[in-house]
Amino acid sequence: MTIIEFFDFIPIHNALSTLLLAPKNLVLCGTNTMEMYAFRHRLQKIIAARGLPTKVKVVHVGIKAYPTLIQRLEALIKVHRDCVFDLTGGQTEIFVAMGALSEKHGIPMHTLDPAHGTISPLTNASHYPQPHPAHLSISENITLFGGAVSEAFAPPSSSDFWQDVLSVWSVCKRNCYGWNTALSTLHAFCPPGSFYVELRMQEATRKLPPQKKGVLRQTIRALQQAGVLTLYQEKGDYISFRYKSPAVRHALSKEGAVLELYTYYAAYVLQNRRKNIFTDAGIGVVIDWESRPASSVKDDVKNEIDLFLMQGTVPVFVSCKNGFVDTDELYKLSVVATRFGGPYAKKALVLTQATPDLSFFKRAKELGIKVIQNAHNLSPAMFAEKLADCAVK
């Protein structure tokens, strides 16, 4: 099978047919040759990694002169007698030309639904094979949009790991604001990656206001009581301990780490045990925007997504905020999701607070962002359901 389609600036429009049908050839027609070659390079990286047989060809076709457009397409039909037309993406002139040639030559045609990862034959349905399930990994999705993943964390699936994370979360959710103060203070005196900590409390809390000086000791004691700190000792003004496991170390690596882990757990571990809604997930996914080959300026912009989920071919961008958040966070999330997910991307903001600012929710709705408030008051099951709702198409 050869699929003939017109280049579209929404990448999934030109990738989904290949993912579903694994054709022998994909012929990309269009006017912007440079962009088409750049896209072909990205798609072929995914094709090669999957071991698919598809070869991607680029053909320049003008659309202003309709008779010339017809001639060019007819020439392609003669070369690729096993072709079908993909009508997803493109312009009116193209649809008209493909419809005319389909009727004249009996060329099968189909459309795609990228939001659901499905294909709908319009003519000659028997010509189409049974489609494969369509899915993209996080890395493949970012590659398709011209970026690259430079960092990401995929937690292990072991029950011991998640038991430790949930134990840390049980402490955090009691006082999320105090948690941020305690963790930021702790990090100032704990080298990154170190498992053993020794603190002189007077020095560690010296810069804190009087009403917050006790929060560090209270939080450390609560963690010890939760069983996630070992070799624990208090001697006068000194406290020393060791993080129980890599899971605990990661959950305590920054103020918002345990909320990100808990969100991952609810969305990908707990939810997927029952419904398999999400097909890939990663925490702290750092996206390198990379410049498009058509640009002469090197773009070194990077963004970090707290939780990145894939639902088939649809990316879900989740921002987790364990504390104060303003409308800037909405704009940041929207920009990154649009750049690396296009119009099909889903967006969610997870908060451990309830904001009374109605304008915040109005703006979130306008940007297509679902807001989950008071995550610390939700059971894992309830939280999982709300996250699943964020991915409903």
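Two strands are taken to pair if DSSP finds at least two bridges between them, and helices (H or I, at least four residues) and strands (E, at least two) are DSSP runs, numbered from the N terminus. On that basis, eight bridges join strand E11 (residues 280–288) to strand E12 (residues 302–311), and the two run antiparallel. The model is predicted, so that local features need pLDDT of at least 70 and side-chain atom pairs count only at pLDDT 80 or more, while totals for chains, interfaces and linings use all residues. Residues are numbered from 1 along each chain as its sequence is written, and side-chain values use heavy atoms, with hydrogens and water left out.

**Sheet with E11 and E12**

- E11 and E12 belong to an open sheet of six strands with mixed pairing, in the order E7-E11-E12-E13-E14-E15.
- Strand E7 (148–153) and strand E15 (369–372) are the edge strands, each pairing on one side only, and the twist from one strand to the next averages 35°.

**Sheet with E1 and E4**

- Another open sheet of six strands, again with mixed pairing, has the order E3-E2-E1-E4-E5-E6.
- Strand E3 (55–60) and strand E6 (118–121) stand at its edges with a single partner strand each, so one side of each is left without a neighbour in the sheet.
- Neighbouring strands of this sheet are turned by 30° against each other on average, direction ignored.
- Strand E1 (residues 2–6) and strand E4 (residues 83–86) run parallel and are joined by four bridges, with aspartate 86 in E4 as the bridge partner of glutamate 5.
- Helix H2 (residues 33–50) packs on the sheet, where it touches strand E2 (25–30) and E3, and its direction makes about 175° with that of E3.

**Helices H7 and H9**

- The axes of H7 and H9 come within 9 Å and cross at roughly 95°, which makes H7 roughly perpendicular to H9 (a class that covers angles of 65 to 115 degrees, with those under 35 counted as roughly parallel, those over 145 as roughly antiparallel and the rest as oblique).
- On the H7 side the contact is made by Gly178, Trp179, Thr181, Ala182, Thr185 and Leu186, and on the H9 side by Val215, Leu216, Thr219 and Leu223.

**Cavities**

- A search of the whole structure finds two cavities of 30 Å³ or more, a cavity being a set of points, on a 1 Å grid over the protein atoms alone, where a 1.4 Å probe fits but cannot get out, and lining residues having an atom within 4 Å of a point.
- The largest cavity has a volume of about 70 Å³, and its lining includes Ile10, Phe145, Pro315 and Tyr344.
- The second largest cavity, with about 30 Å³ of space, is lined by Ala182, Leu183, Leu186, Leu216, Thr219, Ile220 and Leu223.

Definitions and conventions. On a 1 Å grid over the protein atoms alone, a cavity is a set of points where a 1.4 Å probe fits but cannot get out, and a pocket is an open set with protein on both sides within 12 Å along at least five of seven lines; lining residues have an atom within 4 Å of a point. Grid points are joined across faces, edges and corners, and a volume is the space filled by probe spheres set on the points. Axes are lines fitted to C-alpha atoms, for helices over the stretch in contact, and angles run from 0 to 180 degrees between N-to-C directions. Contact means heavy atoms within 4.5 Å.
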